[in-house]
Amino acid sequence: MAIKKVMVIGAGQMGAGIAQVCAQSGFDVFLNDMNEQALEKGMKNIEKLLTRSVDKEKITESDKSEALNRLQPSTELTDAESCDLVIEAVVENMEVKTKVFSDLDKIAPKHAILASNTSSLPITEIAAVTNRPEQVIGMHFMNPVPVMKLVEIIRGLQTSDETYQAIEEMTNNLSKAPVEVNDFPGFVANRVLMPMINEAIYTVYEGVASPEDVDTVMKLGMNHPMGPLTLADFIGLDTCLYIMEVLYEGFGDSKYRPCPLLRKYVKAGWLGKKSGRGFYQYEK
Ligand code: CAA
Ligand code: NAD
């Protein structure tokens, strides 16, 4: 099946990045969000990043305008009726995601593949609310999407080989590197990354060191490009907490318990860079 038209649902940091990369790779794209302001912000961010690439002479002015011409903002899920692939990137919450998939199943054409950019939630459970579980798959991009090469491709219990192959081909067409993983809590990326971030939060919570010093240890000692607390702020503390909860519940192992400080910050609305405050403060 040839994928030509794509809808990305959720115009937050991940959805906007995925839409940008798809448009730059020649696909026609709807960027959808239920929140008009978020949609506007997502579209503006894409334009800003493309302009920066032109300024750095990485792409030409005509590459930029061609990509922008392929991108259409959307607030109606019914726009999915003309799409071959839908990539969902809404908040990391099973109830919200299953509602989106059950609605999409009624709208998207029969041949369309429904993919989720979930960081940790079971693809099998998301697929079960549709009448096409063999065409549901995980397509887990990394943040920031235009920069990071990896896409974890997650097979649900019923995902067909045909669907897997179409998504693997699509990932290669986006100049990304696909890695196949099975449907297990946190897949590979977040099963390994998130406990490290959670442990870094515990070291602050227990007064072992300040956030700055924890980050310096991991940057200078382990050559990580960002310290774990800067990275947590960058990912979004709400997303980090959701992922830890999925690991904790999914494995039933106390080693995945989310740090109380992480819970406290999320309850306070300190969600990291996107809200202006997390372990650090940011200009809005
Ligand atoms: N969006 C798009 N592009 C961005 C960007 C952003 N938010 N931030 C930086 N870039 C681009 C810059 O434009 C620059 O591009 P060029 O090379 O074309 O000029 C390039 O990235 C390097 O940027 P900088 O020189 O400004 O900064 P840097 O060298 O410090 O790199 C970084 C920035 C790439 C983000 C780097 O700090 C990094 O790799 N950090 C770790 C990111 C990471 O671990 N991501 C995975 C998160 S976990 C995840 O995504 C899974 C999940 O489910 C939670
Ligand atoms: P975000 O909070 O930046 O954006 C989420 C967007 O979804 C918001 O704009 C919101 O208005 C929109 N939205 C919510 N419900 C919707 C609905 N029913 N229909 C349409 N739009 C809706 O979140 P994000 O960081 O972009 O994360 C999105 C997804 O990507 C999550 O599943 C997350 O786990 C995953 N993810 C995040 C990262 C990361 O580093 N942040 C990395 C990989 C995967």
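Helices here are DSSP runs of at least four residues, numbered from the N terminus. I am working with a predicted model.

**Entry: Leu271**

I looked up where Leu271 sits. I found Leu271 in the segment after α11, the helix that spans 260-267. Next I listed its contacts, leaving aside neighbours within four places in sequence. Leu271 touches Asp233, Gly236, Leu237, Asp238, Val266 and Arg277. I also checked Leu271 against Asn45, which is 226 residues away along the chain. Their C-alpha atoms are separated by 19 Å.

**Entry: ligand 2, the shell**

I then turned to ligand 2. How many residues surround ligand 2? I noted 25, and the closest are Asp33, Glu92, Lys97, Ser119 and Ile235. I sorted the shell by residue class: ten are nonpolar, eleven polar and four charged.

I went through oxygen atoms of ligand 2. One lies 2.7 Å from an N or O atom in the side chain of Lys97. For the side chain of Asn117, I noted 3.0 Å between an N or O atom and a ligand oxygen.

**Entry: ligand 2, cover and elements**

On its own, ligand 2 has 840 Å² of accessible area, and the protein covers 86% of that. Which elements give two or more residues to the shell? I wrote down α1 (13-24), α4 (94-107) and β6 (136-141). The largest share comes from α4, with three residues.

Definitions and conventions:
Residues numbered from 1 in each chain as written. Chains lettered and ligands numbered in written order. Predicted model: local features only at pLDDT ≥ 70, side-chain atom pairs only at ≥ 80, totals over all residues. Heavy atoms only, no water. Near = heavy atom within 4 Å. Polar contact = N/O pair within 3.5 Å; in protein donor to acceptor, adjacent residues only side chain to side chain. Areas by Shrake-Rupley, 256 points an atom, 1.4 Å probe, with all protein chains shown as cover. Nonpolar A, V, L, I, M, F, W, Y, C, P; charged D, E, K, R; others polar. Contact = heavy atoms within 4.5 Å.
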